[in-house]
Amino acid sequence: MDILILNGSPKGAESVTMQYVNLWQKKAPTHSFTILNVAQQIGRYEKGEGFDELVSRLDKAEGVVWAFPLYYCLVCSQYKRFIECLFERGWGEHFRGKYAAALSTSIHFYDHTAHNYIRAISEDMGMKFYSSFSADMDDMLKERERGMFLKWGEDFIAAIERGAPIERWTAPITYEQMSYEPGDVISKVDPKGKKILVLVDSTDESSNEAKMAERFARSFSSSVNIVRLQDVPMKGGCLGCMECAFDNECIYNDGYRDFFENVVRVSDVVVFVGAIKDRYLSSRFKRFLDRSFYNGHTPAYRGKQVAYILSGPFRQNANLQEILQGQTEISGGHLAGVVTDEAKEGKMIDALLDDLAQRLVDYASSNYVRPMTFLGVGGHKIFRDEIFSRLRFPFQADYRFYEENGLFDFPQKDTRYLEFGEKMTALIQDPEIRKQVRKMLKTEMLRSYKKVVETK
Ligand SMILES: Cc1cc2nc3c(=O)[nH]c(=O)nc-3n(C[C@H](O)[C@H](O)[C@H](O)COP(=O)(O)O)c2cc1C
């Protein structure tokens, strides 16, 4: 059996994910594995140079494995760019009918959204997507988990051999793009001294996203800072080297960090504008996001109002909706709104943009932040635990930040609840008290809430 591995790590062969592949290869010697380091060599693919090799490997392969590290709820920008090339250049056609599987390594932070994405784009290319394996980075070091991984590999190969029937999980996108014509602004919004940054991911002034960005900026009575993402200095995507981990210093010296510190960091409101490309935003947007990893796991958008203005089928993309919500929450920002061009009517889009402008200023002025959902709360707990122990080294800068900002909010420190729990547990050992307390649970639980209603 010929298996083609598309390596999504910018580190190429020297990657954690590839050690899993190496082990699989060693334990399955009767099968042939070919690894293409597509993320590391994205420059070649962009120039169209790797295409012939890719097609000849694909023709031979009976199964294709997307093997990648998690980068910000998705794959890294280089891999995303590779996927864009597949669609843009019609290369995806060569994947049609092949069995596919996905293998990732991560700390399980939004691994599901990355896997949802890979499954969706595989299905969009007409592949038979069989299964995902989301390994914790260190699973390979444990006997049971190692066994599970090897079983997953065997299972994939067996599925190809028996010609397993496959059902599509994701609905195909049906979308007809309308051309947006922006109208006049009737009543302008006063930014009230708030610094508003609009990051526009578009190289085409006639695109809906560019027109929405321009119309949105016009909603304000004084000028806002509009920056095109292609003008943000970025020599390349994040390389995953982790050299930033000690002191938040990136090995690139291309001005990205200065831009982030001097423009993004000082803004009260950050609005991202872009178009949906395949099942996410563009690889350029992803590169911008990945490069912010020099901030480690600290909330880089803390206290900011964040919004997205998007062109494309957002409504049909629950996975992207979850990513934007979760990404914003975990980065410390408040997702104030998302406007898309799906409203079709230009007037409706204008109204949505005006309302977003109004809302952003109002929220920023009143420091309004809705509570985080599971996406942010759960994400924080993963980061907190990791920074406290496994990632303490090398992520020294994160550790300092978490300590200084009270982010090590472990329940073990919550003495009030711990003492209360202990006291009550001891009390209900008496059968009579236990009976009484059981009857009181519902009313007693409400006591403190009712007090607030009465007194506040
Ligand atoms: C820029 C960057 C972003 C990351 N984002 C995530 C993430 O969103 N979720 C996660 O669980 N791990 C994340 N990680 C951790 C990597 O996925 C993990 O270390 C992986 O095992 C690296 O694999 P590799 O050595 O094959 O590249 C991130 C790492 C980097 C460098």
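Biologist: How many residues of domain 2 are in contact with domain 3?

Modeller: Contact here means heavy atoms within 4.5 Å. This is a predicted model, where local features need pLDDT of at least 70 and side-chain atom pairs count only at pLDDT 80 or more, while totals for chains, interfaces and linings use all residues. Residues are numbered from 1 along each chain as its sequence is written, and side-chain values use heavy atoms, leaving out hydrogens and water. On the side of domain 3, 16 residues take part, and on the side of domain 2 the number is 13.

Biologist: Which residues does domain 2 cover?

Modeller: Domain bounds come from an automatic or database domain assignment. The chain has domain 1 (2-162), domain 3 (378-408) and domain 4 (414-455), while domain 2 covers 196-365.

Biologist: How much area do domain 2 and domain 3 bury between them?

Modeller: The size of an interface is often given as the accessible area lost when the parts come together. Buried area is that loss for two parts (1.4 Å probe), summed over both. Of the area between domain 2 and domain 3, 70% is on carbon and sulfur atoms, and the total is about 1,200 Å².

Biologist: Which residues in domain 2 lose the most area to domain 3?

Modeller: The centres of the two domains, taken over C-alpha atoms, are 25 Å apart. On the side of domain 2, three residues together give 49% of what that side buries: F246, H297 and I330.

Biologist: How many salt bridges are there between domain 2 and domain 3?

Modeller: Side chains of opposite charge can pair when their charged atoms come close. A salt bridge is counted when a side-chain nitrogen of Lys or Arg is within 4 Å of a carboxyl oxygen of Asp or Glu. R400 and D247 meet in this way at 3.3 Å, N to O. Between domain 2 and domain 3, the count is 1.

**Salt bridges and helices**

Biologist: Let's look along a helix. How many residues apart are K80 and E84?

Modeller: Helices (H or I, at least four residues) and strands (E, at least two) are DSSP runs, numbered from the N terminus. The side chains of K80 and E84 form a salt bridge at 2.8 Å, N to O. Both lie in helix 4 (residues 77-88), about one turn of the helix from each other, and their separation is 4 residues.

Biologist: Why does E84 count as buried?

Modeller: Buried means under 20% relative accessible area, exposed over 50%, and partly exposed in between (1.4 Å probe, protein chains only). K80 is buried, with 0%. E84 counts as buried because its relative accessibility is 4%.

Biologist: How many residues apart are D350 and R215?

Modeller: The side chains of D350 and R215 meet in a salt bridge at 3.5 Å, N to O. The pair links distant parts of the chain, with D350 in helix 11 (residues 346-365) and R215 in helix 7 (residues 208-218), and the separation is 135 residues.

Biologist: Is H334 buried or exposed?

Modeller: H334 is in strand 10 (residues 334-340). Leaving aside neighbours within four places in sequence, H334 is in contact with several residues, including K304, Y363 and R370. Its relative accessibility is 4%, so H334 counts as buried.
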